[in-house]
Structures are given as structure tokens and as C-alpha cells.
Amino acid sequence: MTPFWEHDMVRTAANFSVAVLCIVVFLAVFELVTRYKNWEEIRNGNVAVAMATGGKIFGIANIFRYALDRHESLLSMVGWGVYGFLLLLAAYFIYEFLTPKFNIDEEIANDNRAVGFISMVISVGLSFVIGEGIQ
């Protein structure tokens with residue numbers, strides 16, 4: 001008989017719980033580094049913020065997908081997930097740096113959907129690159 005903590009359903013629930021907790025924490029960090037309040041803007045119908053935030057959620061979840069696929073222990077999965085998040089956060093700052101003619105946060109806060117879409121695509125696209133690099 002399989003020990004309780006090694007049962008597939010228990011491991012799946014544990015992985016899910018830890019990944020969701022990490023997503024919530026990482027979104028809180030993103031909330032700290034942006035000039036707008038994500039959930040207030042989304043509640044007010046700001047589609048650009050919704051796209052940017054959705055891209056961050058997808059990106060973080062995708063990084064954890066790769067971490068889960070390539071690591072057996074929960075601690076190792078979290079470690080790689082944190083590392084991937086830090087790379088995604090660095091990409092956010094690089095994106096801001098590479099657009100000196102306008103401020104990304106201001107444009108997204110003003111519901112510039114083109115900027116929100118590019119932000120989403122950067123988060124999603126780079127999450128695949130980051131995930132593939134997880135060993």
C-alpha cells in the first residue's frame with residue numbers, strides 16, 4: 001500500500017496548493033512594483049491591466065508546470081519556481097527600461113491595451129523560455 005504522503009492524489013493536492021500560494025505571493029510582489037492597483041483597475045474594467053495581470057498569472061503557472069515536471073520534491077519545485085519568478089520580474093524591469101519614450105505602468109493604468117497585450121505576451125512567452133531552462 002502506498003504511504004499517504006506518496007499517494008498521487010495527495011501529491012497533486014500538495015503541488016496545487018503550493019503553486020497557488022506562490023502565485024498569490026508573486027502577484028502581491030508585482031502589485032508592489034507597479035504604480036497601479038491591479039485588482040482595483042480590473043474591477044473598474046481596465047482591460048490592459050487584466051491582460052498584463054493574466055499574462056503574469058499564466059507565466060508564473062507555466063514556470064511551475066515546468067518545475068513540477070522536472071523535480072520530484074516540493075522544495076525543489078518551489079525553489080525553481082521562485083527562481084523563474086525572479087527572472088520574470090527582471091524581464092518586467094527590462095521591458096520598462098527598453099521603452100524610454102513612455103512609461104509602461106502609466107500606459108497600462110490608462111488602459112492602453114496595446115501595451116497591456118505586449119506585456120501579457122512577454123510574460124507568457126518568456127515563461128516558456130524560463131521553464132525550458134529549468135533543469
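Predicted model: local features only at pLDDT ≥ 70, side-chain atom pairs only at ≥ 80, totals over all residues.

Residues are numbered from 1 along each chain as its sequence is written, and side-chain values use heavy atoms, with hydrogens and water left out.

**Whole chain**

Begin with a cartoon of the protein, which has six helices and zero strands; helices (H or I, at least four residues) and strands (E, at least two) are DSSP runs, numbered from the N terminus. The pattern along the sequence is α-α-α-α-α-α. Along the principal axes, the C-alpha atoms fill a box of roughly 60 × 30 × 20 Å.

**Annotated segments**

Next, colour residues 12–33, 45–68, 74–95 and 115–134, where UniProt, in an unreviewed entry, places the feature "transmembrane region". UniProt positions are given in the numbering used here, feature names are shortened, and annotations may be inferred rather than shown by experiment. Residues 45–68 are 92% helix and 0% strand, with end C-alpha atoms 34 Å apart. For residues 115–134 the figures are 95% helix and 0% strand, and the end C-alpha atoms lie 28 Å apart.

**Helix 3 against helix 4**

Select helix 3 (residues 47–70) together with helix 4: they pack at an angle of about 145°, with their axes 9 Å apart. Axes are lines fitted to C-alpha atoms, for helices over the stretch in contact, and angles run from 0 to 180 degrees between N-to-C directions. Now show side chains: Gly59, Ile60, Ile63, Phe64, Ala67 and Leu68 of helix 3 meet Met77, Val78, Trp80, Gly81, Gly84, Phe85 and Leu88 of helix 4, contact meaning heavy atoms within 4.5 Å. By class, this contact has 10 nonpolar, three polar and no charged residues. Ala, Val, Leu, Ile, Met, Phe, Trp, Tyr, Cys and Pro count as nonpolar, Asp, Glu, Lys and Arg as charged, and the others, Gly among them, as polar.

**The largest pocket**

Select Trp5, Val10, Arg11, Ala14, Asn15, Leu68, His71, Glu72, Ser73, Leu74 and Met77, which line the largest pocket. On a 1 Å grid over the protein atoms alone, a pocket is an open set of points with protein on both sides within 12 Å along at least five of seven lines, a cavity is a set where a 1.4 Å probe fits but cannot get out, and lining residues have an atom within 4 Å of a point. The pocket volume is about 240 Å³; grid points are joined across faces, edges and corners, and a volume is the space filled by probe spheres set on the points. Helix 1 supplies the largest share of the lining, four residues.

**The largest cavity**

Finally, select Phe30, Lys56, Leu88, Ala91, Tyr92, Tyr95, Ser119, Ile122 and Ser123, the lining of the largest cavity. Its volume is about 60 Å³. Helix 4 gives the most to this lining, with four residues.
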